[in-house]
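I opened my notebook to record what I looked up in this structure.

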Amino acid sequence: MMQALVTCRGLTKVFGKGELAVHALDGVDLDIHRGDFATLAGPSGSGKTTLLNMIGALDKPTSGEVTIEGTPLSTMSKAALSELRLEKIGFIFQAYNLIPVLSALENVEFVLQLQHVGAAERRERATAALHEVGLAGMESRRPSAMSGGQQQRIAVARALVSRPSIVLADEPTANLDSTTTAELMELMSRLNRDNGITFVIGTHDPRVMAHSQRHIEMIDGKIESDTND
Amino acid sequence: MNNFGILRTIAWRNLWRNPKRTLITLIVVTVGLWSILAFSMLLNAWAESSRQNALGLLIGQGQIHAAGYMDDPNIDHLMPPPDGALRDVLDSDGVAHWVARLQLPGVVQSEYKTLPITILGVDPAGEREISLVPDKIVEGRYLNGLDDDAVIIGANLAKRLKTTLGRRIILMSTGADGYLEEYSFDIVGIFDADQGFEDSYVFTGRSLLQEYMGLDDEIAQISFVLPDESGLPAMIDTLKAAAPDLDIRDWKQVSVMAAAMNSAMKSIIYIWLGIMIIMMSIGIINTQLMAVFERTQEFGLIRAIGLKPRMVLWLVTLESALLMAVGMVLGVILAVLTYFGFQGGLDLSGFSRAMEAIGSGQVLYPQFAPADFVIYPVLIWVIGVLVALWPAYRAQKISPVEAMRHAT
């Protein structure tokens with residue numbers, strides 16, 4: 001069998017101590033494969049965001065191990081984890097997704113600049129990414145002059161432009177109306193289908209789940225069901 | 001554009017996200033630097049005016065005395081008029097003017113009062129070249145010659161003695177034979193200088209005073225000025241070589257008071273500099289801490305995207321550095337404009353009494369010290385950037401997970 005893109009083994013995450021301790025993750029084992037379009041669902045407090053943070057190298061587990069493309073994260077320094085996020089992971093958050101002082105194009109270019117991509121290539125790739133998400137002609141607009149849906153599209157373009165191994169999205173549609181939600185999900189599905197990009201989306205929105213090929217259900221920090229099993 | 005380039009763009013634009021806050025800090029920094037430079041120019045002008053006044057009245061740029069005179073200025077420590085090698089140096093192009101004086105401690109007496117003073121026997125023609133006193137006669141005339149049998153006294157001394165122009169006073173001092181000599185003189189002129197000077201000196205013709213004191217041609221001091229003051233240390237050395245037995249000093253050694261005033265001015269500037277730096281530091285820390293606090297989610301986002309913690313530190317520090325740099329440029333421009341605005345002199349004749357009390361002239365000419373316009377801005381900029389490291393460090397410590405949790 002092909003090696004998994006992401007593997008989580010025995011992941012636990014405990015917040016607080018003693019009687020106040022909360023087990024946000026309680027022994028999670030999970031493999032994410034290349035090309036997956038997975039939704040991570042469950043009620044609030046089920047551990048979706050915590051698990052996405054572990055996979056995204058934003059937080060460290062109390063115990064257990066996450067590996068991305070065979071590399072264990074527990075041994076890496078903060079700077080190395082920053083590098084890993086920059087090169088291999090794209091993020092889409094619910095809010096505060098963009099740098100407000102930069103234009104749409106500059107927001108997308110930002111990641112490429114951190115990757116030391118040359119100016120001409122950077123401009124070309126960022127423009128192409130904005131075209132891809134349907135924002136042609138809006139390159140010079142600041143986020144504050146754009147709708148919530150358009151801002152999330154910029155976030156998708158930024159997440160994709162660095163050609164990451166995986167895109168993690170945490171409640172990407174929480175602030176969007178149903179039309180915009182449908183458009184965004186259609187966009188991400190197409191990118192997965194046509195370009196083979198791996199998505200893991202944390203959500204409890206049924207409209208999002210409807211687009212997923214793989215559905216992972218979490219309850220109380222554990223994986224309750226996984227349509228891949 | 002490298003990482004620094006994009007950070008610079010973000011930093012610059014962030015400054016203008018909250019224009020009001022940025023402008024307030026900018027005003028503090030700009031006005032702070034301007035005030036330091038303007039204050040420095042004005043204090044230097046004051047220091048220079050006071051120095052020129054003090055030196056111009058009597059001290060000159062340097063003085064020569066017989067050994068022991070400075071410690072015990074009486075008739076036992078006099079010297080002959082300059083001759084030989086010393087005279088050659090004094091008459092050379094290296095010295096613009098010099099005068100010989102007989103200066104003795106004494107007492108002045110009017111019909112009403114007796115006061116201690118210093119009696120100066122001068123060469124009126126020479127004094128006109130070197131001293132401001134001849135120009136400060138407000139009533140009557142200056143002395144006419146070496147044997148002018150008259151005195152000029154200060155306005156305040158005349159007031160204290162309850163005497164006036166045209167009246168007679170008696171001068172007393174110890175003569176060469178050790179006995180008290182006393183002679184009466186007509187007051188032919190009243191001069192106006194600072195009060196301390198007016199109270200201390202009485203002027204008469206040198207030859208006459210020598211005669212009355214039973215002296216031949218002995219003198220107490222030679223005062224000199226150079227065509228260019230920068231040559232003073234070298235001239236002092238030359239004079240010392242020409243007259244190794246005499247006590248030769250520059251103005252700082254002659255008048256410790258004038259020298260102390262000069263260094264006190266510098267201390268005042270440094271104290272002001274310190275106050276301004278503290279105010280500006282508080283402004284910068286406050287601005288940047290507020291900005292960091294407001295942008296917690298944003299820092300979380302850029303850390304999540306892949307910006308290293310060190311780069312966040314750079315970003316915030318860069319914002320402070322840019323803000324300070326703009327303030328420094330504006331402050332320098334403002335100070336230069338101030339300099340040119342008052343280049344013709346700042347007329348403070350409305351405060352003439354106060355100016356006299358501080359030993360200054362009534363018109364101050366701002367002193368442009370190019371080094372100050374480099375050193376102070378650079379110093380303030382460096383300190384501003386250093387204090388901004390604290391908010392920057394706080395920004396660097398923001399955890400992306402914590403920041404993003406606040407966002408949702």
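**Entry 1. The model**

I noted at the start that this is a predicted model.

**Entry 2. Where chain A meets chain B**

I looked up how many residues each chain gives to the contact. Chain A gives 30 residues and chain B gives 25 residues. The two chains bury about 2500 Å² between them, and 65% of that is on carbon and sulfur atoms.

I then looked for polar links across the contact. Two salt bridges are counted between chain A and chain B. There are also six residue pairs in polar contact between the two chains, both residues at pLDDT 80 or more. On the side of chain A that touches chain B, the elements giving two or more residues are α2 (78–88) and α3 (104–114). The residues of that side divide into 16 nonpolar, seven polar and seven charged.

I picked out one salt bridge by name. Arg13(B) pairs with Glu106(A), and their closest N and O atoms are 2.5 Å apart. Arg13(B) lies in helix α1 (residues 3–15) of chain B and Glu106(A) in helix α3 of chain A, so the pair joins two chains. Arg13(B) counts as partly exposed, at 23% relative accessibility.

**Entry 3. Salt bridges within chain A**

I searched the whole structure and wrote down 27 salt bridges over all chains. One of them is between Arg34(A) and Glu69(A), with the closest N and O atoms 3.1 Å apart. Arg34(A) sits in the loop between β2 (22–32) and β3, Glu69(A) in the loop between β4 (63–68) and β5 (71–72), and the two are 35 residues apart. Arg34(A) is partly exposed at 48%, and Glu69(A) is partly exposed at 26%.

Another salt bridge joins the side chains of Glu109(A) and Arg123(A), at 3.0 Å from N to O. Glu109(A) is in helix α3 and Arg123(A) in helix α4 of chain A, 14 residues apart. Is Glu109(A) buried or exposed? Glu109(A) has 3% relative accessibility, so it counts as buried. Arg123(A) is partly exposed at 45%. I also noted that salt bridges with shared partners join Arg34(A), Glu69(A) and Lys88(A) into one network.

**Entry 4. Helix α6 of chain A**

I went along helix α6 (residues 178–195) of chain A. The helix has 18 residues and reaches 25 Å from its first C-alpha to its last, close to the 26 Å expected. Its buried residues include Thr180(A), Leu184(A), Met188(A) and Asn192(A). The elements that the buried residues of α6(A) pack against include β3 (37–41), α4 (119–132) and β8 (198–203) of chain A.

I checked both ends. Asp177(A) caps the N-terminal end, with a side-chain oxygen 3.3 Å from the backbone nitrogen of Thr179(A). After the helix comes Gly196(A), with a positive phi near 70°.

**Entry 5. Positive phi without glycine**

I found Glu171(A) with a positive phi of about 50°, although it is not a glycine. Glu171(A) is in the loop between β7 (166–170) and α6 of chain A, and at 12% relative accessibility it counts as buried.

Asp220(A) also has a positive phi of about 50° and is not a glycine. Asp220(A) is in the loop between β9 (214–219) and β10 (222–226) of chain A, and it is exposed at 58%.

Note on methods
Residues are numbered from 1 along each chain as its sequence is written. Chains are lettered from A and ligands numbered from 1 in the order in which they are written. Side-chain values use heavy atoms; hydrogens and water are left out. Contact means heavy atoms within 4.5 Å. Buried area is the accessible area (1.4 Å probe) that two parts lose on being put together, summed over both. A salt bridge is a side-chain nitrogen of Lys or Arg within 4 Å of a carboxyl oxygen of Asp or Glu. A polar contact is a pair of N or O atoms within 3.5 Å; within protein, one must be able to donate a hydrogen and the other to accept it, and residues adjacent in sequence count only if both atoms are side-chain atoms. Helices (H or I, at least four residues) and strands (E, at least two) are DSSP runs, numbered from the N terminus. Ala, Val, Leu, Ile, Met, Phe, Trp, Tyr, Cys and Pro count as nonpolar, Asp, Glu, Lys and Arg as charged, and the others, Gly among them, as polar. The expected span of a helix is 1.5 Å times one less than its number of residues. Buried means under 20% relative accessible area, exposed over 50%, partly exposed in between (1.4 Å probe, protein chains only).
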